[in-house]
Amino acid sequence: SVPTGVLPLCHRPPEWYRAPRQPPSLLLTPCRAFSNKKIMVELDESSGVATMTFKSPPVNSLSLDFLTEFCISLEKLENNRACRGVIITSAIPKIFSSGLDITEMCGKSTEHYAEFWRTVQETWLKLYSSNMVTLAAVNGSSPAGGCLLALSCDYRIMVENPKFSIGLNETQLGIVAPFWFKDTFVNVVGHRIAERSLQLGSLHPAPEALKLGIVDELVPEEKLQEKTRAVMAQWLALPDHARQLTKAMMRKTVLDRFIAHREEDIQNFISFTSKESIQKSLRMYMEMLKKKKS
């Protein structure tokens, strides 16, 4: 949840309404880092680009703790005038993020479900409405909530490995992607591709994800960092105010709809998740994961 007195990012005025960014002082350390338990954040003040690296083994699952760290880290960068862009990537081999932590949704109280879902909402809201250039360097598989994080960025570059896949596969778990997951997906790939992919719960191998427009580029793994920096530089070459206002205009309908139905969405999540049939599906999925590990 947003601290008292702090306006959600999507409600804040665009950058050009605020005081202009000052160039980083020459006395500042060229690269600052702050590491939480699950996310390493490094800011290169000479370029104005930060990197948020997920480091929560085994699969960067989006737990309540992880999502809270993500929100805090993104807020720090958003409020730092030296930062104009952020790259999101993973330190875990072969995985970007496995998505929402199922254990947060199984066998817990309704109060816990509400807290968890509000934090999921806040994570998406901060990322989707960010004034910064946001770029996902997808260096592994990225199902469900992991896919949502990538979709919420301005640009997605994925490693060209057919063993890596990405998609909103909620229906495979017996659950339904919320309307704002769907809206984000539709905005990226169009209605027909999104409808088919969501109904089937499809996970698309990297080459197919590029063809469908889920990701913007594929690169060899060894060139991912170089390509990501080049794309970021291209985006940052534009005047901030023009890009930010355009982004706000393009995303306004989705954000307005979400804000209007946010509390209703939390109640729907609690009601849906608390059903015994859903709890049974989640327990079965967790058992299947345990068997795979063993």
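One cavity of 30 Å³ or more is counted in this predicted model. A cavity here is a set of points, on a 1 Å grid over the protein atoms alone, where a 1.4 Å probe fits but cannot get out. The largest cavity has a volume of about 60 Å³, a volume being the space filled by probe spheres set on the points, with grid points joined across faces, edges and corners.

The model is predicted, with local features needing pLDDT of at least 70 and side-chain atom pairs counting only at pLDDT 80 or more, while totals for chains, interfaces and linings use all residues. Residues are numbered from 1 along each chain as its sequence is written, and side-chain values use heavy atoms, with hydrogens and water left out.

**The cavity lining**

Lining residues have an atom within 4 Å of a point. For the largest cavity they are Leu-62, Leu-67, Leu-100, Val-120, Thr-123, Trp-124, Gly-145, Leu-148, Leu-149 and Phe-181. Eight of the lining residues are nonpolar, two are polar and none is charged. In this scheme Ala, Val, Leu, Ile, Met, Phe, Trp, Tyr, Cys and Pro count as nonpolar, Asp, Glu, Lys and Arg as charged, and the others, Gly among them, as polar. Helices H2 and H3 each supply at least two residues of this lining.

**The chain as a whole**

The protein chain has 10 helices and 13 strands; these are DSSP runs numbered from the N terminus, with helices (H or I) of at least four residues and strands (E) of at least two. Of its 294 residues, 51% count as buried. Buried means under 20% relative accessible area, exposed over 50%, and partly exposed in between, with a 1.4 Å probe and protein chains only. A contact means heavy atoms within 4.5 Å. Among contacts between residues at least 6 apart in sequence, 74% join residues at least 24 apart.

**Salt bridges**

Side chains of opposite charge can pair when their charged atoms come close. The rule used for a salt bridge is a side-chain nitrogen of Lys or Arg within 4 Å of a carboxyl oxygen of Asp or Glu. By this rule the model has 14 salt bridges.

| Glu-75 | Lys-126 | 3.8 Å |

Asp-154 is buried, with a relative accessible area of 13%.

Asp-183 counts as buried at 9% relative accessibility, whereas Arg-257 counts as partly exposed at 35%.

Arg-251 is buried at 11% relative accessibility. What does Arg-251 touch, not counting residues up to four places away in sequence? Its contacts are Tyr-128, Ser-152, Cys-153 and Asp-154. A polar atom of the Arg-251 side chain lies 2.9 Å from the backbone oxygen of Ser-152.

Ile-278 sits in helix H10 (residues 276–293) and is buried, with a relative accessible area of 8%. Leaving out residues up to four places away in sequence, Ile-278 touches Gly-174, Ile-175, Phe-272 and Thr-273. Ile-278 and Cys-106 are 172 residues apart in sequence, and their C-alpha atoms are 8.9 Å apart.

His-112 is found in helix H2 and counts as buried at 18% relative accessibility. With residues up to four places away in sequence not counted, His-112 touches Leu-64 and Glu-104. The C-alpha atoms of His-112 and Ile-270 are 9.2 Å apart in space, while the two residues are 158 apart in sequence.

Definitions and conventions:
On a 1 Å grid over the protein atoms alone, a cavity is a set of points where a 1.4 Å probe fits but cannot get out, and a pocket is an open set with protein on both sides within 12 Å along at least five of seven lines; lining residues have an atom within 4 Å of a point. A polar contact is a pair of N or O atoms within 3.5 Å; within protein, one must be able to donate a hydrogen and the other to accept it, and residues adjacent in sequence count only if both atoms are side-chain atoms.
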